[in-house]
Amino acid sequence: MATLTNSDPTYIYSQTIGNQSTPPAHGFSAPVNVAIGTQGELFVICNYYEYQKNTKFVVKCSMDEDYIHHFGSYGTGPGELTWPNSLAVDNKGNIYLSDEWLNRITIFDNNGVFLDYWGEEGSEIGMLNRPAGLAFDNDGNLLIADSFNHRIQKFTCDGKFLNSWGQHGAEPGEFNTPWGISIDSEGNTWVADWRNDRVQQFASDGSFLKQIGRTGTNTGEFNRPSGVAVDNEGYLYVVDWGNDRVQVFDPKGTFVTQFFGDCPGFSKWAIARMASDPEEMAAQRVQSRTLELERLFYQPTGIQVDSENRILIVDCGRHRIQIYQKASVSPDNISSHLGPQRPTQNPTELWGKL
């Protein structure tokens, strides 16, 4: 484990990416997962597009909200997607996506060009039933949360089965519909054990190490955790889906803090959209009971931490990504650690102009 540079980390809201829209318009529609590319670009899966053949499931954009590309059409053929859940990027920049409906892994290059797919529906070793979270280990092998088979499976990049562990249950090492998955710097695997309301840690060979959490709403408790991520100091971030929050734990598993969402205004894409159709936005303003709720997470799902300790939280129900920054400094001096920030428009101020 890396040496801790900060035993009491500071977190601050940094920025928001996205608004509700269907590609090729600049936005997301129920984003469920995000992956960070080899050049720092973002790949975001959206899944409100089922049964719409003229839309794409995956949006490629920059951390500064520059729209780059979209890909991944609806369908069942090679290179098509039906119910994508999660994605991961290998060391060559290729994108691997799990498809819950087709029970397979589909692979694209960095530009969204289809490369290959593999996977077979079933419960036997090496088969898949509703594959969910994906993560590459330190050897470049792909781990899959095989959710309806209640296990974790490990494959080579080209789909050769390597290992499997777990079964249905609530005892240590067992699962009930696992979802998110992450690998820490020591090669250990963290799994969001969704219906067991806990997170479990395993060694690289699949042997059980420890668990965090139980059912509830207090700190350290979960209601359907959906995503996990670990930073370079071993701090654990858990998306507590049913409690609309993200909880943070130190490397020993001790609760540190929690986020409920802090978006102070609209993203660049949202501002452009509202400027293009002020009548629609004015109508939405009338329907909105309070703008304060718009700051908060609503059914968050996925999470990633980049090399600069920026925490990207997929705020599914609000069709956006909220980003926080971890820093080893006081809040008064944190601005210099956030990097370039785009000014956000206060909702009340902006809607007042429409």
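Visitor: What is the mean pLDDT of the chain?

Guide: pLDDT is the predictor's confidence in each residue, on a scale from 0 to 100. Here the chain averages 87, and 82% of its residues reach 70 or more. This is a predicted model, where local features need pLDDT of at least 70 and side-chain atom pairs count only at pLDDT 80 or more, while totals for chains, interfaces and linings use all residues. Residues are numbered from 1 along each chain as its sequence is written, and side-chain values use heavy atoms, leaving out hydrogens and water.

Visitor: Over which residues does pLDDT stay under 50?

Guide: One such stretch is residues 1-5, with 12 contacts (heavy atoms within 4.5 Å) beyond four places in sequence. Another is residues 333-354, also below 50, with 45 contacts in the model beyond near neighbours in sequence.

Visitor: How do I read a sheet?

Guide: Strands of a sheet pair through backbone hydrogen bonds, either parallel or antiparallel. Strands are DSSP runs (E, at least two residues), numbered from the N terminus, and two of them pair if DSSP finds at least two bridges between them.

Visitor: How many bridges link strand 8 and strand 9?

Guide: Strand 8 (residues 104-108) pairs with strand 9 over 4 bridges, and Ile-105 stands opposite Trp-118 in strand 9.
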